[in-house]
Amino acid sequence: METTNAETTRRSFDAAFGGEPDVIGSAPGRVNLIGEHTDYNGGQVLPLAIDRRTWVAMRATSGDASRIISDDRSAPAEFDARKIARSGQWWDYMTGVFAAFGSSDVRLPQVEAIVTSDLPTGSGLSSSAALEVATAITLARLVRYGETFRDLAMMSWRVETEFVGVSSGVMDQFASALGERCHALHLWCDTLETEQVKMSEAVLIFDTNLPRSLRGSQFNQRQRECEEALRLLRERDPNLRNLASATPEQVRAAKLPGTLEKRALHVAEENLRVEKLVESLKESGAVDGELLYQSHESLRSLYECSTPELDWFVDRAKEIRGVRGARLTGAGWGGCAIAVGDRGALDAARPQLAGDYRSRFGIDARTWLTHAESGARLEGEWEGEAPRK
Ligand code: NG1
């Protein structure tokens, strides 16, 4: 993918609309280090913002229609910023943000905007959250809305769940908005408390490039199973806050029907693993890789969201010297896995892993070496001005 940055975005804006944008904002994708399928169960997660991002350059116009162009050559969006309707198109992630601003007291101008990105879509790196958050901070600056990045992350999450209609937890938007360079974001998804945890290790992202056809239906089914498990656990303990706050002992003692017990055990144990991994990072600055392997095994056998391709990657990663841990990341049923360890070893292993994967499954994997990067930001001269982190 071509190099994209604030400057190339500014030039693309000039080429498309003539002249300078009023504001440029950007927001990154994310990978989750640990804490999988815990966010919508009120648990803890530990994502990091990655070094791939989406930029939005925007200018207010006096016309009576708005126009957004995307550099990936998908159809441009034309809409009335004051009368937003859901379209089922890619720009819903952006116009949903306009709708959210419009429902507060802010009078929105019409806009011209361009979107550029070096973040792959549809791979489980949260390109949709990046687009929502980049739009939210850019529009907030344009209309001088006094919200914090945290508020804008919440707003972006509501766009995803209520406007676009994808039910998910808050992890993606928070990671994209609040991530910091060389830190993972420890987020409690029930209280929305956050903590920055130092994390300077290299992360290899391995995209299995599998069609995620089962993901939607299976993900929704898991959410329903978790709700049902929580309902049954509450019959014994009405004060149980959420599924992630149940202890593994409590889950076992409840003698839930087999499938529900497996789902609930994964969530309860995974939540504890997040705490342990945070401890290991604070104590030694290194990721306890064993916890990543345990997380994967639990996702495979209890949550049943892995695939042979993801399992293959984790098994292969174990054989590489310098790799300390690996697991699937994101919802599963395809998508990405990660390996953490020595940067040189991870980088050197990429061609071999991709080649072996191709021989084994006949699919071209994509790999990226990444690290914790800064979350959403206003670019250039707008840097440091409201909205605030
Ligand atoms: P992916 O598969 O990376 O989109 C999804 C959810 C997250 C979280 C993880 C599982 C969406 C947009 N995101 O991530 O909020 O629930 O699964 O931990 O559905």
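Let's start with a pair of residues: H183 has K198 as its bridge partner in β8. This is a predicted model, and that pair belongs to a strand pairing in which β7 and β8 run antiparallel, joined by 5 bridges. The hairpin these two strands make has 5 residues between them, and there L192 takes a positive phi near 65°.

On to β2, which is joined to β7 (residues 183-188) by 2 bridges, again with the strands running antiparallel. Here V45 finds its bridge partner in β7, namely L187. Put together, you get an open sheet of 3 strands in the order β2-β7-β8, with antiparallel pairing. β2 (44-45) and β8 (194-198) sit at the edges with a single partner strand each, so each has one side left without a neighbour in the sheet.

There's a helix on this sheet too: α8 (residues 258-284) packs on it and touches β2, β7 and β8. The direction of α8 makes about 45° with that of β8.

At the β5 end, β4 (residues 66-70) pairs with β5 over 3 bridges in the antiparallel sense. Within that pairing, R67 has E78 of β5 as its bridge partner. As background, strands of a sheet pair through backbone hydrogen bonds, whether parallel or antiparallel.

## The largest pocket

The largest pocket holds about 1,100 Å³. Its lining counts 47 residues, and the closest to the pocket centre are P120, T121, G122, S127 and S128.

What does the lining look like by class? It has 22 polar, 14 nonpolar and 11 charged residues.

Several elements supply at least two lining residues each: the helices α1 (6-17), α3 (127-142), α5 (171-178) and α6 (215-236), plus strand β6 (110-117).

Technical notes:
Residues numbered from 1 in each chain as written. Predicted model: local features only at pLDDT ≥ 70, side-chain atom pairs only at ≥ 80, totals over all residues. Heavy atoms only, no water. 1 Å grid on protein atoms, 1.4 Å probe; cavity = no way out; pocket = protein on both sides within 12 Å on 5 of 7 lines; lining within 4 Å. Points joined across faces, edges and corners; volume = space filled by probe spheres on them. Helix = DSSP H or I, 4+ residues; strand = E, 2+ residues; numbered from the N terminus. Nonpolar A, V, L, I, M, F, W, Y, C, P; charged D, E, K, R; others polar. Pairing = 2+ DSSP bridges. Contact = heavy atoms within 4.5 Å. Axes fitted to C-alpha atoms, helices over the stretch in contact; angles between N-to-C directions.
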